[in-house]
Amino acid sequence: MPKLIIDDREIEVPAGTKVIEAAERLGIKIPRFCYHPGLGSVGACRVCAVKFLEGPFKGVQMSCMIDAKDGMVVSTTDEEAVNFRQYVIEWLMLNHPHDCPVCDEGGHCLLQDMTVSGGHGIRRYLGLKRTYHDQYLGPLVQHEMNRCIHCYRCSRFYQEFTGYHDLGVMQIGSRTFFGRYQDGTLESPFAGNLSDICPTGVYTDKPSRFFGRRWDYQRSPSICINCSLGCHTVASGRYREVVRQEARYSEAVNGYFICDRGRYGFFYTSNEERPRQALVDGKEVSYDQAIREAREKLGELIKSTGPDAVACVSSERSSLETQAMLKKICQTKGWQGPHYFLDESMAQKVKSASSRLESGLAVSLRELESADFILVIGADPVNEAPMLALAMRQAQRRGGKIAVIDPRPVSLPFEFHHLNVTPNEVNLCASLLVKTAVDLGAATDLEQPGIEFYQAIPKLETVSSSLQEQIAKVAQELKESKRPIIVCGTETVRQTTPALAADHALLLQATNKQAGLFYLLPGANSFSASLLASEDGSFLETLEGIENGTIKGLILVERDLLLHFHDRQRMELAFEKLELLVVLDYVNSRTQQRAHIFLPTSTLYEAGGIFITQEGRLQVVPRAHLSGTPIAQVSGGNHPPRIYESEIPGGEPRPGWQALAELVHEEPQPDENTTRSSVLNGLSELNPAFATIPAIDELPEDGMRVSSPEESSPRFSLDWIHELERKESPDKSLELVLVNWTFSTEELSQYSPPLMKLEKEAAVFMHVDDATSLGLSDSDKVTILLDRGALEASVSVKENMAPGIIVMPRHRLLEWQKIETLPKFVSHEEIKKVSV
Amino acid sequence: MDHNEDVIHPMLPAKLRTSLAEHIARVDHPRELVVDVMFAIQDQFGFLSDEAVEEVAQLLNMSPLEVEELATFYTFIYREPVGKYVIHVCDSVVCWMDGYESIQDHLRSKLGIEMGETTSDGLFTLLPVCCIGYCDRSPAILINKEVYGPLTPEKLDEILENLRAQG
């Protein structure tokens, strides 16, 4: 490890560290524009000049371009270097419009900082400045090219880092222009990062434009709960609302960037329609009164029919504290549940994912970037968890090969092999691939069940010759890899797939590969839900209980059944049979509007909470601001009303765990922090996996992995082979595959006005062969008859997907909840073209 | 990624399109041909229109932006219509030492246009160019890619008269 001296202080850094980074480790921030640790060095802007006094280089050099070496003596304060930097900044500022007072970047602008710190205080240039026409770049990013200093960060990020090609650099010399070919919405789902990485105000955050200066905001570390990855963010709040979210660096999870769903998915918390007042039969009452009435009604109900007449359902967007409180209540009160998953098969998939994620297999999102082969089994990264696609892109840029086994028309911003087999063939295809790549003779310490598992995999000849060829080609790359990682989805795969993925990772490990395993789960807190989920009973049984009258009371915690359950009509009828429906939530869902008693809960930003990501990483989110109606909504754009009260208007919502504690206990409850601590202290009683977690304030910055103690979870099961034998697809009918899209399907981001503008039209995807036999062509409108009626959508005809399926997004504007049972098959007769 | 799912612009003559497509099919990395394709289309139409940029993108499976990045970088790709004779005046160091500015001034006053403009009769377009490697003949200019130099105002007059006479 090279040792060098920077400004008279010695430091030892890993080989390959640039001098600019070494200085940063000493707390010396050398000016920079083009250099960004996430993007690397190009040496273009010349502002990071320092003077090398001793060592292999001499004189003024760019600190971002030179690796730290033994014996180097570097000065950042040498007069020659200081002068050099001052001139560089002066010429970068020649054309800058000096519009800081009206620029949203003002206050957190690298150019301001560098200009001041570089010593360029007085303008000498009196000539004309070059000016540009700005472009419309969509609802997220505001363009203002006159401010540009040509550092190239944006085009490098956009094209090289994310792999999208609709923003770049045009023209030459002083006309150099960063933007799009024509005005239009940026195509990359990572475009919001432009506002973060631009060192000046060329790209600024559009939804929060003109709302405040950086120093006006209450800035608070947070995480994103719009998918299961748990990327780190900074929430900026002002006047009782979160107005902006930025990426926060995380070594283990997201690195420097986040996706646009995560960045702009927060608007649910300040949604004007959000119910902030407790309701009894639709009438506003005080929180305490609502709780009293709920308690009374629950008491009556239990008295007449017993405790198991009450059931509880929560969701994957509730914090661990809320989920755990509900679990504890069900245990002590003898109520049914809680169910966190509506679909039993999904519950099983998440369960097997969380129990099979051994510490020797689990990799973090950042570790995925170092894979030299990534095998994706049943996942569509850009649509399900966009940051996964970005991590895979980095692996691919480093020479990693990528193969995706998925029936959907998967599109990724880089080259990859797509094995677009049918949902039934996914397991088989993955197994054939691994079998072809693994040489059993080389598997030194594989146990007997592993050998049997390997031998039970069918012969390659069982699939079509074209698929054989593809598998053989990909298998060769897998064989040559040293650090392969299996990414396994849970959304569309069969119940056995998560376990199968873990077994294949073990097989690869047995052949001396440093194999890893990475799951995608359906929600932000699915992992935690799975650790807490009750062993007996399913949501479906609860639903049947409501229908046959054994369950009379239902408590829903942050769960919209009318959105998520596949049969809305059945759910509505069930609601009508209920004697008591208590809903605790922070969004104005359809279900919330059906509640007999409604208790408003706080959002992540108002209450904080613990979430466990898909890799079992437990992360604590602190509160960003107190609950309250945003001042903009209270005041209608004017000065807030001059009413003096001790309470914050709209401050009624309470954390889910606190509202639940108050709901079940007659006696007055301690404050929410005490309640929270007592829930967390009792976690290990709910699942021993929690025993290893230290106190919240002792958790490391990046959180920590909850190590599942279930080493005993069965390895190398052959269940998937039995599943293969049960092919139930009726002749000539198409399996309906419900999927998520980057925008428009995820529950919380559906409340985001800027993201609504990015939604694509709700369309179903169909393989070209199926479309042809149905007489359909691209963009045709069709009606699809489901069990509870028809729905209308346009058809998108694709070649790069499996035949025999209809891929349907759970789109906000598509009423897909008309399905009696899953899996659902649609016959040709049930699909009709709508003639215009 | 496939950038080009849109409809194909029918601007290229079928013969040119076929010959370009054949050429592209022969190479391993089609985008290496982007400059050649742009020149081929420019030779046909005199300049590279927006439709042409999109056509090039489609032929090479690039995004229109990626083509535009190159089209606007290179001096000899014209993104606007140009005159029959495109005059590039070298403004790099050696030509500057030998007085390119007087050559440029002479051209501007003689033709009555500024740099970057085209005469109203559509005959001449005046553009700058950086070093063209004819430092031994400085100050030098290019007219339709043919070099002239060393130049004096008198020689320029003669050249322009000849071109005018040819129409």
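## Cis peptide bonds and backbone exceptions

B:Pro150 is found in the loop that runs between β4 (146–148) and α7 (153–166) of chain B, where helices (H or I, at least four residues) and strands (E, at least two) are DSSP runs numbered from the N terminus. The model is a predicted one, in which local features need pLDDT of at least 70, side-chain atom pairs count only at pLDDT 80 or more, and totals for chains, interfaces and linings use all residues. Residues are numbered from 1 along each chain as its sequence is written, chains are lettered from A and ligands numbered from 1 in the order in which they are written, and side-chain values use heavy atoms, with hydrogens and water left out. The peptide bond from B:Gly149 to B:Pro150 is cis, with omega near -5 degrees. In chain A, the peptide bond from A:Leu822 to A:Pro823 is cis, with omega near -5 degrees, and A:Pro823 lies in the loop between β32 (805–809) and β33 (824–826).

Most residues other than glycine have a negative phi, and most peptide bonds are trans. B:Lys145, although not a glycine, has a positive phi of about 70 degrees; B:Lys145 is found in the loop between β3 (141–143) and β4 of chain B and is exposed, with a relative accessible area of 52%. Here buried means under 20% relative accessible area, exposed over 50%, and partly exposed in between, with a 1.4 Å probe and protein chains only. A:Arg46, also not a glycine, has a positive phi of about 65 degrees; A:Arg46 is found in the loop between α1 (19–25) and β3 (49–54) of chain A and is partly exposed, with a relative accessible area of 34%.

## Chain B as a whole

Chain B contains seven helices and four strands, which follow the pattern α-α-α-α-β-α-α-β-β-β-α when read along the sequence. The C-alpha atoms of chain B fill a box of roughly 55 × 30 × 25 Å, taken along the principal axes. Of the 167 residues in chain B, 41% are buried. Among the contacts in chain B with a separation of 6 or more, 63% are between residues 24 or more positions apart, a contact being heavy atoms within 4.5 Å.

The contact takes 19 residues from chain A and 15 residues from chain B. Across this interface the rule finds zero salt bridges, a salt bridge being a side-chain nitrogen of Lys or Arg within 4 Å of a carboxyl oxygen of Asp or Glu.

Helix α4 (residues 64–71) of chain B has six of its eight residues buried, so it is largely enclosed by the rest of the structure. The buried residues are B:Leu65, B:Glu66, B:Val67, B:Glu68, B:Glu69 and B:Ala71. What covers them includes α4 (153–161), β7 (168–170) and β8 (177–179) of chain A, together with α2 (34–45) and α3 (50–60) of chain B.

## Helix packing in chain A

Two packed helices are described by the angle between their axes and the distance between the axes. Axes are lines fitted to C-alpha atoms, for helices over the stretch in contact, and angles run from 0 to 180 degrees between N-to-C directions. The axes of helix α13 (residues 426–437) and helix α16 (residues 497–510) of chain A come within 11 Å and cross at roughly 5 degrees, which makes α13(A) roughly parallel to α16(A); angles under 35 degrees count as roughly parallel, over 145 as roughly antiparallel, 65 to 115 as roughly perpendicular and the rest as oblique. The contact is made by A:Asn427, A:Ala430, A:Ser431 and A:Val434 of α13(A) and by A:Thr497, A:Leu500, A:His504, A:Leu507 and A:Leu508 of α16(A).

Helix α23 (residues 656–664) and helix α24 (residues 672–681) of chain A pack at an angle of about 90 degrees, with their axes 9 Å apart, and are therefore roughly perpendicular to each other. Their contact is made by A:Trp657, A:Gln658 and A:Ala661 of α23(A) and A:Glu672, A:Thr675 and A:Arg676 of α24(A).

## Surroundings of A:Met325

A:Met325 lies in helix α8 (residues 320–333) of chain A and is buried, with a relative accessible area of 5%. Leaving aside its neighbours within four places in sequence, A:Met325 is in contact with A:Trp657, A:Leu660, A:Ala661, A:Thr675 and A:Val679.
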